[in-house]
Amino acid sequence: MLPCRDVPEQMSDYLDHTVGWRTRAAIRLHLLMCGFCRRYARQMRTTVMALRSLRRRAPTTTDDAARAAALWAEHGRDSPAPPGGDGTAGAA
Amino acid sequence: MQANFTEITDEALVARVLAHDADAFTALVNRYQSSLFRLARHFVREDAVAEDVVQDTWVGLLRGIERFEGRSAFRTWLFRILANRARTRAVREARYVPLAEDDGPEAGEAFDETGAWRTPPREWRITPERALLSAEVRELVTAAIAALPASQRAVVELRDVQGLEAAEVCNILGLTETNQRVLLHRGRRRVRTALAARLEL
């Protein structure tokens, strides 16, 4: 049987489904029989989910708005020429 | 008007920027400014230099936006602009934090000669469901990421926090597939250890 030592070693790949089927089967079997490694696996899954939960969008800051305005003023696409428009929208 | 942009995809915002919509550009800046800054800090040590790199990235975006062909995600494209600029800048200033830099595997969990746990993981005082809602856990995780070696931090940040695919991360950071997996593995393991230190019963 797979030693416990190998479980943390493979856990990240296991959670990402990037281990081969043999290793995957060996880990599953090990987890069925080993409470400590099940606990480790649960904690690692929680860790990854906690990392993902940081993804929440940052609120708009006035800094960002001011930065965007300054960049736009200097480098932005300020010649309003919408494709085919030529300011005659609605004509004909 | 800003609020309306939160549900719009990056690619739709790009289309609006191409149609001279300044608000769409503001929405992109708002969406990515802090991610870009954090990523820049993986390459250069100083906040002020990282700020410059991010600024260069936005200028580069505005100048080159017609060349965005939608073959990769906009995010990958933007992060690559940043990574390229940050590397150039860091090399020029000789402060490049090489991504290959790594401190080897974590000392971490201890096992006996048979490979069994010497110090088995103890139960945490918070359920997984509660952990994800907990401000304390957020703070612990944020601090743990900050304490990672630069290479691990970049990968954990992009893969887990930003949610990029492995191939995108390899592309942005110039890592091999294997390197990327090992760095992610080590980084996550360290974050778990940091959580355990504070959450074990």
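A salt bridge is a side-chain nitrogen of Lys or Arg within 4 Å of a carboxyl oxygen of Asp or Glu. Keep that rule in mind as you look at this predicted model, where it finds 7 salt bridges across the interface of chain B and chain A. Over all chains, the count comes to 18 salt bridges.

**Where the chains meet**

Let's begin with the interface. Chain B brings 55 residues to the contact, and chain A brings 45 residues. Between them, about 4700 Å² of area is buried, with 59% of it coming from carbon and sulfur atoms. On the chain B side, B:His20, B:Arg138 and B:Arg188 lose the most area to chain A, together 15% of what that side buries.

Polar contacts join in too: 18 residue pairs make them across the interface. Several helices of chain B each supply at least two residues of the side that touches chain A, among them α1 (10-18), α2 (22-43) and α9 (177-199). Sorted by class, that side of chain B has 26 nonpolar, 12 polar and 17 charged residues.

**Some salt bridges to find**

Side chains of opposite charge can pair when their charged atoms come close.

| Pair | N to O distance |
|---|---|
| B:Arg189 and A:Glu9 | 3.0 Å |
| B:Arg31 and B:Asp10 | 2.7 Å |
| B:Arg41 and B:Asp47 | 2.7 Å |
| B:Arg118 and B:Glu113 | 3.2 Å |

Take the salt bridge of B:Arg31 with B:Asp10. B:Arg31 lies in helix α2 of chain B and B:Asp10 in helix α1, so the pair ties together parts that are 21 residues apart in sequence. Both B:Arg31 and B:Asp10 are buried.

In the pair of B:Arg41 and B:Asp47, B:Arg41 is partly exposed, at a relative accessible area of 25%. B:Asp47 also counts as partly exposed, at 44%. B:Glu113, the partner of B:Arg118, is exposed, with a relative accessible area of 67%. Elsewhere, salt bridges that share partners link A:Asp16, B:Arg159, B:Asp160 and B:Arg188 into one network.

**A charged residue without a salt bridge**

Now visit A:Asp64, which sits in helix α4 (residues 62-75) of chain A. Which side chain of opposite charge is nearest to A:Asp64? The answer is A:Arg67, 4.3 Å away. Because a salt bridge needs the two atoms within 4 Å, this pair does not qualify, and A:Asp64 is buried with no salt bridge.

Note on methods
Residues numbered from 1 in each chain as written. Chains lettered and ligands numbered in written order. Predicted model: local features only at pLDDT ≥ 70, side-chain atom pairs only at ≥ 80, totals over all residues. Heavy atoms only, no water. Contact = heavy atoms within 4.5 Å. Buried area = accessible area lost by both parts, 1.4 Å probe. Polar contact = N/O pair within 3.5 Å; in protein donor to acceptor, adjacent residues only side chain to side chain. Helix = DSSP H or I, 4+ residues; strand = E, 2+ residues; numbered from the N terminus. Nonpolar A, V, L, I, M, F, W, Y, C, P; charged D, E, K, R; others polar. Buried < 20%, exposed > 50% of the residue type's maximum accessible area, 1.4 Å probe, protein only. Lys, Arg positive; Asp, Glu negative; His and termini not counted.
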